[in-house]
Amino acid sequence: MSAQSADLSRCSLNTATVKHASLPEAVQAAAAAGMGAVGLWRHQVAEHGAETARTIVEDAGLTVSSLCRGGFLTAATDEGVRDAIAENTRAIEEAAAVGTRELVFVVGGLPGSSPEAPPAPGTDRDVVAARARVADRLADLAPIAAEHDVRIVLEPLHPMFAADRAVISTLGQALDLSAPFDARTVGVVVDTYHVWWDPELRGSIERAGREGRIASYQVCDWNLPFGATALNSRGHVGDGYIDFATISSWVRDAGYTGDVETEIFNEGIWAADPVKTARTVAERYAEHVAPHL
């Protein structure tokens, strides 16, 4: 199936994929490629203000599929807890203002950790306690999200990011943390880069569907060899090892009918023309994902 003949109304360009484009440039690239939505990042929204960012998207005929990101909930100090609640309250308000219900949460790594760095002296290595604090902060934030009709969307990250970015590594863990809350208030994202390896993935997607918790489906490929960092080694759909036909069919069978975001962190792709990148995203979605939804 070609991008010209495919229904791209569910295809969304996460603006991280065209990192060096301005918000208007990213939105226009998505619109020119025929997509129906964009996923926004908070720093871009802050550059324009939420209302202006929303207008930029709507004037292009698109919708906002999600806002990235909230989270970082593992702080162990009273000050850290207060800061996390305050910052995530702002994120919830921004999601509502920009016109999306879906606020993606990366829950945070071990307290005191730094991305891709050795542990600092005094780093708290108690991952069990860190996960418990994630549950506590969700209990604090869920009523605020419900008040604004915004859903906290938990994103499990591949286990190699557990130390510094997310102590939640599987979709099953994310669903367990979501369980105490209404599905309209706390859900999950299925991100192929982070969960494709999980032997329990099919059952977890089925469970997420039964519980009505799939809030987003994000796609990109697992490419080898890694570049300078694993984080920035994602690839275009179809260039790596992930079985998009199977995972997309599981997501479909679970009842998900929302947007499908392509979110790629890759220095080479960031350096490319954003219009060409958006066109490639649409073509790969049409070939590898859309036929199985």
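## Report on a predicted protein model

In strand E10, Thr-262 is the bridge partner of Val-219.

Val-219 is a residue of strand E7, which covers residues 214–219. Strand E10, residues 260–262, pairs with E7 in the parallel sense, and 3 bridges are found between the two. How much of E7 is buried? Of its 6 residues, 6 are buried, and the strand is thus described as mostly covered.

E7 also pairs with strand E6, which runs from residue 186 to residue 191. This pairing is again in the parallel sense and extends over 4 bridges. Within it, Gln-218 of E7 stands opposite Asp-191.

Strand E6 is likewise mostly covered, with 6 of its 6 residues buried.

The next pairing involves strand E5, residues 151–154, which is joined to E6 by 3 bridges. These two strands run parallel. Leu-154 has Val-188 of E6 as its bridge partner. Which residues of E5 point one way, and which the other way? Arg-151 and Val-153 point one way, Ile-152 and Leu-154 point the other way, and all of them are buried.

Strand E4, residues 102–106, is joined to E5 by 4 bridges, and these strands run parallel. Here Val-104 has Val-153 of E5 as its bridge partner. The pairings described so far are collected below.

| Strands paired | Sense | Bridges |
|---|---|---|
| E4 (residues 102–106) and E5 | parallel | 4 bridges |
| E5 (residues 151–154) and E6 | parallel | 3 bridges |
| E6 (residues 186–191) and E7 | parallel | 4 bridges |
| E7 and E10 (residues 260–262) | parallel | 3 bridges |

In the loop between E4 and helix H5, which spans residues 127–147, lies Glu-116. Its phi is positive, at about 55°, although Glu-116 is not a glycine. With a relative accessible area of 48%, Glu-116 is partly exposed. Asp-149, in the loop between H5 and E5, also has a positive phi of about 55° without being a glycine. Asp-149 has a relative accessible area of 40% and is partly exposed. Why are such angles worth noting? Most residues other than glycine have a negative phi.

Helix H5 itself contains Val-127. This residue has a relative accessibility of 27% and counts as partly exposed. Leaving aside neighbours within four places in sequence, Val-127 is in contact with Leu-110 and Val-167. Val-127 and Val-167 are 40 residues apart in sequence, yet their C-alpha atoms are 6.8 Å apart in space.

### Two cis peptide bonds

Most peptide bonds are trans. The bond from Cys-68 to Arg-69, however, is cis, with omega near -5°. Arg-69 lies in strand E3, residues 63–71. The bond from Leu-224 to Pro-225 is also cis, with omega near 0°. Pro-225 is found in a loop, between strand E8 (221–222) and strand E9 (234–235).

### The chain as a whole

The protein chain has 11 helices and 10 strands. Its radius of gyration is 18 Å, close to the 19 Å that the globule rule gives for 293 residues, so the chain is as compact as a globular protein of that length. The C-alpha trace spans about 55 × 40 × 40 Å along its principal axes.

What share of the 293 residues is buried? Buried residues make up 55%. Among contacts with a separation of 6 or more, 81% are between residues 24 or more positions apart. The accessible surface comes to about 11,900 Å², and carbon and sulfur atoms account for 51% of this area.

Note on methods
Residues are numbered from 1 along each chain as its sequence is written. This is a predicted model: local features need pLDDT of at least 70, side-chain atom pairs count only at pLDDT 80 or more; totals for chains, interfaces and linings use all residues. Side-chain values use heavy atoms; hydrogens and water are left out. Buried means under 20% relative accessible area, exposed over 50%, partly exposed in between (1.4 Å probe, protein chains only). Two strands pair if DSSP finds at least two bridges between them. The radius of gyration is taken over C-alpha atoms; the globule rule is 2.2 Å times the number of residues to the power 0.38. Contact means heavy atoms within 4.5 Å. Accessible areas come from the Shrake-Rupley method with a 1.4 Å probe; for residues, only the protein chains shown count as cover.
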